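Please read this short briefing beside the sequence and the 3D view.

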Amino acid sequence: MDLFEKLLTNRGPLGSHSHYAHGYFTFPKLEGEIAPRMKFRGKEVLTWSLNNYLGLANHPEVRKADAEAAAEWGMATPMGARIMSGNTNLHEKLEAELADFVKKPDAMLLNFGYQGVVSIIDALVDRHDVIVYDAESHACIIDGVRLHQGKRFVYTHNDMDNLKKQLERATRWTENTGGAILVITEGVFGMSGNLGKLKEIVAMKEQFNFRLFIDDAHGFGTMGATGAGAGEELGVQDGVDIYFSTFAKSMASIGAFVASNEQVVEYLRYNMRSQIFAKSLPMPLVVGALKRLELLRTQPELKSKLWEVVNALQSGLREKGFNIGTTESPVTPVFLNGQIPDATQLTLDLRENYSIFCSIVVYPVVPKDVIMLRLIPTASHTLEDVQETIAAFEKIASKLDKGLYSKSTVTA
C-alpha cells in the first residue's frame, strides 16, 4: 500500500471526525486579548478553556517585560544549543530562581514541556531499568515510557495497593537485571483534577528502592502555600526526587524546567538529547519567565484570587447537584450522562445560545455514555462569571435529562 493511501484510509481516532469537527469542536479559533471573554466565530463568549491560571497572560508587568525583552534581544538570541554557544547568565539565573522556588538544589531549563518529559525519561533509564507509572498519566509521559527499551509496569490510577504489586514485580525484575526503578506520576492530573498520591508513594520508599519523578504542570503556581506545587501542598516536596513543570500553565508562556539535586541535573544537562541538539530558549522567553516567577513570589494575591474563583465554581456546581468527580485542584470537570451526538448538540447550545466556551471530552478519553465538560478557572474570572456559567449549566443539564438534544438539532 502507498503510505499516503494508508493515511487517508485510517485517519486515526480524532482525525476520523475532522470532516465535521474541524474549526468548531477541534482547532477552534478564539480571538482577541487573552481574557475570560473572547471572540469565537465573531461572537463574544465566556471562556473556561485557557490554562492561564494566575491571569499572567495579559498582566501589565508581564506584557511590558515581554515587549522590552523582544525589543532588546529579538527572538534569535542566543544562537545555537546551550551546550555549544547558546548559554547566558540570564538562562542560569532563571534556573537558580526556579530551583529555589520549588525547593530543589538545582534546575535545568527546557524548550518545551511535552518534549522535555519524553527526553527526561529517555535520559534517566536504560534497558535494565523498570518504569512504574500511573495509568492516567499525560500523553507526554506515555510517549516517554513507550521509548523505554526495558520493562514498564502500569498501576491503576492512584491505586496504592496496585502500585505496591507493580513495585514488587519491578523489584523482582531488577534483582535479575541489576537495574533501577523509576516511578512516574503527576502532581495534578489535568483531566480529573485530582492529586497524585504523593504522600503514600513517598512512604513506600521505606519498603522499596525507587526514585520518584512527577509532572506537576497543573500544580506549579496553583498548589502549596508558596505555589511550589503538589509536593508542597501534600508536605512531601523533599520526597519528590525529580520535579518537572511547564511554563504553559501558570506562567502563561513557552518553556519548561526540571529540578532535582545537582548531580542529577548535571547528568541531564549532558544527556538530554532534546536539549543537546536543540536551539537555546530565546532570550525574551527567559526574561519573561523571570518576570512571571517574580510575580508568583511577590503577588500571592494572584493565587488567592484564583482559589476564590475555584471554590465558588466548584461549590456552586456541587450545590446544584453536578458531579465534578474527585478534583482537588483548579481543574474542574463536569460529568454528564449522554452519547456523542448529545455532546455535540449540547456544546453547540452552550456556545451559540448561552455564550459559554469550555472544552468537551467524550469517548475514548472518558467511558462510553459519559460527557465531560472541562472548566479551567483563572484569577481573571469574576464571581459573576461563575454564576452565569452555573445558570447556563443548569439549563443544558435539564435539556439533556429530558432527551431534547437527542430529538432535535440545536441552532443559534
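In this predicted model, Gln 275 lies in helix α12, which covers residues 273-276. Gln 275 has a relative accessible area of 10%, so it counts as buried, the cut-off being under 20%.

**Around Gln 275**
- Leaving aside residues up to four places away in sequence, Gln 275 touches Ala 81, Met 108, Leu 109, Leu 110, Asn 111 and Gln 115.

**Helix α16**
- Helix α16 runs over residues 383-401 and has 19 residues.
- At 1.5 Å a residue, helix α16 should span 27 Å, and its end C-alpha atoms are 27 Å apart, so the two values agree.
- The buried residues of α16 are Asp 385, Val 386, Thr 389, Ile 390, Ala 392, Phe 393, Ile 396, Ala 397 and Leu 400.
- After α16 comes Gly 403, which has a positive phi, near 75 degrees.

**The whole protein**
- The protein contains 17 helices and 14 strands.
- Its radius of gyration is 22 Å, close to the 22 Å given by the globule rule for 412 residues, so the protein is as compact as a globular protein of that length.
- The C-alpha trace spans about 60 × 55 × 55 Å along its principal axes.
- Of the 412 residues, 52% count as buried.
- Among contacts between residues at least 6 apart in sequence, 69% join residues at least 24 apart.

**Surface and charge**
- The accessible surface comes to about 19,100 Å², and 53% of it belongs to carbon and sulfur atoms.
- There are 43 positive and 49 negative side chains, and the centres of these two sets lie 4 Å apart.

Conventions: Residues are numbered from 1 along each chain as its sequence is written. This is a predicted model: local features need pLDDT of at least 70, side-chain atom pairs count only at pLDDT 80 or more; totals for chains, interfaces and linings use all residues. Side-chain values use heavy atoms; hydrogens and water are left out. Helices (H or I, at least four residues) and strands (E, at least two) are DSSP runs, numbered from the N terminus. Buried means under 20% relative accessible area, exposed over 50%, partly exposed in between (1.4 Å probe, protein chains only). Contact means heavy atoms within 4.5 Å. The expected span of a helix is 1.5 Å times one less than its number of residues. The radius of gyration is taken over C-alpha atoms; the globule rule is 2.2 Å times the number of residues to the power 0.38. Accessible areas come from the Shrake-Rupley method with a 1.4 Å probe; for residues, only the protein chains shown count as cover. Lys and Arg count as positive and Asp and Glu as negative; His and the chain ends are not counted. The place of a charge is taken as NZ of Lys, CZ of Arg, CG of Asp or CD of Glu.
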